[in-house]
Amino acid sequence: MIPIETYLIVLPLLILISIVLIKLSNNFGVPALLLFLLIGMLAGSDGFGGIYFDNAYLAQFIGILALIFILFSGGLETNWKFVKPVVFPSFTLATLGVFITAVSVGAFTYYVFNFPFIFSLLLGAIISSTDAAAVFSVLRTKDINLKGNLKPLLELESGSNDPMAIFLTVAFLEKILQPEMSIWAFIPMFLLQMGVGTIMGFLFGYLFLKIINKMNFAFQGIYPVFLLSFIILLYGSSSALGGSGFIAVYIAGIYIGNNDYIYKKGLNRFVDGLAWLSQIVM
């Protein structure tokens with residue numbers, strides 16, 4: 001059994017190395033996420049570090065938690081005035097665009113690699129969505145000038161395309177397990193995810209502003225703890241009701257970030273730091 005002191009040395013050391021590489025990424029124009037991935041590969045069982053890790057459940061839990069903070073941070077930094085003109089095209093890309101990507105990759109895999117058709121579609125669904133962490137990291141840490149509304153379009157699409165990708169993945173998996181089942185039967189699930197996630201996002205965003213502006217905590221350190229608990233509760237509640245927790249968290253971030261509330265600058269800095277830590281950990 002590995003002593004706990006070893007974890008307390010290796011993990012912060014990897015994080016500190018990643019933080020140093022952020023500076024290098026700015027100097028050389030390399031996306032920070034690529035350097036974080038390189039650190040992980042070198043530290044893994046096939047790299048110099050030799051760290052063996054195969055706990056899928058823990059990886060999923062940490063990944064979900066990290067993406068919650070990344071999406072909420074992205075929502076906080078989203079200016080509604082800039083993204084409002086691109087809401088419809090973003091939604092189209094996050095639904096129809098993801099579907100076309102999944103089918104295109106599936107068709108390519110089917111004809112080129114001769115995979116079974118339904119397995120090819122499953123592979124396409126798995127890789128069909130845009131990674132929000134990568135998009136936010138690249139667009140907001142680099143001096144990238146994109147024409148027109150392309151930047152807010154990419155950000156809004158990347159933060160809202162998970163429900164469609166999850167819907168397609170689950171639908172194709174169920175089709176493999178139960179060939180007689182119609183894929184159209186999963187459309188209500190998709191609508192439920194989008195609807196509940198959207199409603200919960202606005203509801204929790206509204207409640208957060210109402211509650212925090214009436215609170216007068218004696219210690220400023222309580223505000224970040226309150227916000228952290230609120231975000232996680234939002235994701236858990238939305239998912240438990242059958243909605244998309246990711247959509248709920250992202251929409252709540254947009255709603256909260258475009259309104260005034262007590263200790264706003266301090267909380268925004270806290271969430272930004274939490275999002276950076278989440279990107280490194282992922």
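Which residues lie nearest the centre of the largest pocket?

## Basis of the model

This is a predicted model, in which local features need pLDDT of at least 70 and side-chain atom pairs count only at pLDDT 80 or more, while totals for chains, interfaces and linings use all residues. Residues are numbered from 1 along each chain as its sequence is written, and side-chain values use heavy atoms, with hydrogens and water left out.

## The largest pocket

Leu11, Leu14, Gly40, Val281 and Met282 lie nearest the centre of the largest pocket, which has 33 lining residues. A pocket is an open set of points on a 1 Å grid over the protein atoms alone where a 1.4 Å probe fits, with protein on both sides within 12 Å along at least five of seven lines; lining residues have an atom within 4 Å of a point. The space in this pocket is about 1200 Å³, a volume being the space filled by probe spheres set on the points, which are joined across faces, edges and corners.

Helices H1 (4–28), H2 (32–43), H3 (56–76), H7 (132–141) and H13 (264–281) each supply at least two lining residues; helices are DSSP runs (H or I, at least four residues) numbered from the N terminus. H2 gives the largest share, 8 residues.

## The second largest pocket

The second largest pocket has a volume of about 560 Å³. Its lining has 18 residues, of which Ile64, Leu67, Asp162, Ile166 and Phe246 lie nearest the centre. H3 and helix H9 (162–177) each supply at least two of the lining residues, and H3 provides the largest share, 5 residues.
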